[in-house]
Amino acid sequence: MLNAHPHVGLKILMSGGTRCNVTHKQVTEKDFNGGSRPFVARVLRAFTVEQTLAWFAELGVALKLEDTDKYFPESDDAQTVLDALMARVAAAGVKVESGARVIRLERAGDDASPAPFRIGVEDIPDTMALGVTGVARAGQLDWPLPARKPQLWIEADRVIIATGGLSFPRTGSDGTGYALLTALGHSMEPPIPALTPLAAEDPWCSELQGLTCEVALRLLVEGKAVAEVRGSLLFAHFGYTGPAALDLSRHWLRARESGKERKVMASFIPGAREETLLNAWIEMAPHDPRATVRSMLTGQLPERLITIICREAGIDAAKMLSQISKEGRARLARMIVARDMPVSGVLGYEKAEVTAGGVKLAEVNPSTLESRVVPGLYLCGEVLDVEGRLGGFNFQWGWSSGSVAGRGAV
């Protein structure tokens, strides 16, 4: 096993706030974006969540299911997961070469050759910072292989590519996998950062910095809703983060590529409609004539959010409902269920949990994950055009696709 970074498993150690969210209670193809959902479903069926749980139990990693339906190690320490995986690698007799970066992958001969692949490797000193080796713009990919010559050539009968994408490039996922694969004839869905925070020039961010609330975020492209996500949103000095913002990021970036007008709207009471809120307020007023706007919203929205929403709607939160005009109530309801969130960009690969895009699934056999372009070459994980939402889904894709590729290769 060749690992580009001198330290193996850095992404495992970083994940889940260093606790490692290994999977989710229920995982289906609907939890993923990218290529063909039937393709994803087939791979997930080959190594299910139940098999993942049994596998970790076999590895000696006790897991716990939290209220969010996410599985974490009982130790709350990602090192537990990495140690168990590396122990199994050692027990299987797999030799690990860390700090060995593959910069060439070539066909050594025809399909009948006893060693059809040649792998060119160079060493990476501990202090060397990895850098992105390619760019994607206007739908065109450019992934040049390093000009340096390999220091060592290795022959192989089968090769499994598990290089990841471009997220957190300093961990080793610097785009080299894309360069190797495009050089062999594979085509790519242009990669973009995914599960990355959203940048915004929003005055709410400075006032509400550190506030977390439940929202539904809806992406509109030329007025038409193309994506909606629900979850917690965290206001930060740079914009928005938290699960809802991260899950929306890939959709916002893909919409930006189209060049069409796009807008992000937030509902701070997910599932509520403007008419429903107005009717509820009308019904409440006779039963509690002294109820104020603030008391009406308390329990539904955080206090700091009530203050800023009322101010933006031009309403005094201390006034009684009966003192608010029909127009004022309408402005407030609209602000609660459809507030414009001025997204200006994303924080990019350095903060992205995963990469969207990658090798097109039509070029890979879903039963084995063997390349249809290069026989004997297998692909798994993030290098494929598949990425899941936040919550352990991408780890499950890693376990499932890695299992399929491994079985296929042997």
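1. Arg19 counts as partly exposed, at 23% relative accessibility, where buried means under 20% relative accessible area, exposed over 50%, and partly exposed in between (1.4 Å probe, protein chains only). This is a predicted model, in which local features need pLDDT of at least 70 and side-chain atom pairs count only at pLDDT 80 or more, while totals for chains, interfaces and linings use all residues. Residues are numbered from 1 along each chain as its sequence is written, and side-chain values use heavy atoms, with hydrogens and water left out.

2. The side chain of Arg19 meets that of Glu66 in a salt bridge (2.8 Å, N to O), the term being used for a side-chain nitrogen of Lys or Arg within 4 Å of a carboxyl oxygen of Asp or Glu. This pair links distant parts of the chain, 47 residues apart, with Arg19 in the loop between α1 (10-18) and β2 (23-24) and Glu66 in the loop between β4 (63-65) and β5 (70-73). Helices (H or I, at least four residues) and strands (E, at least two) are DSSP runs, numbered from the N terminus. Glu66 is partly exposed, with a relative accessible area of 24%, and a network of salt bridges links Arg19, Lys64, Glu66 and Asp76.

3. A salt bridge also joins the side chains of Arg339 and Glu312 (3.5 Å, N to O). Here Arg339 lies in strand β19 (residues 339-341) and Glu312 in helix α10 (residues 303-312), 27 residues apart. Arg339 counts as buried, at 5% relative accessibility, whereas Glu312 is partly exposed, at 39%.

4. Glu97 and Lys95 meet through their side chains in a salt bridge (3.3 Å, N to O); Glu97 is partly exposed, at 34%, and Lys95 is exposed, at 60%. By the rule given above, the count comes to 21 salt bridges.
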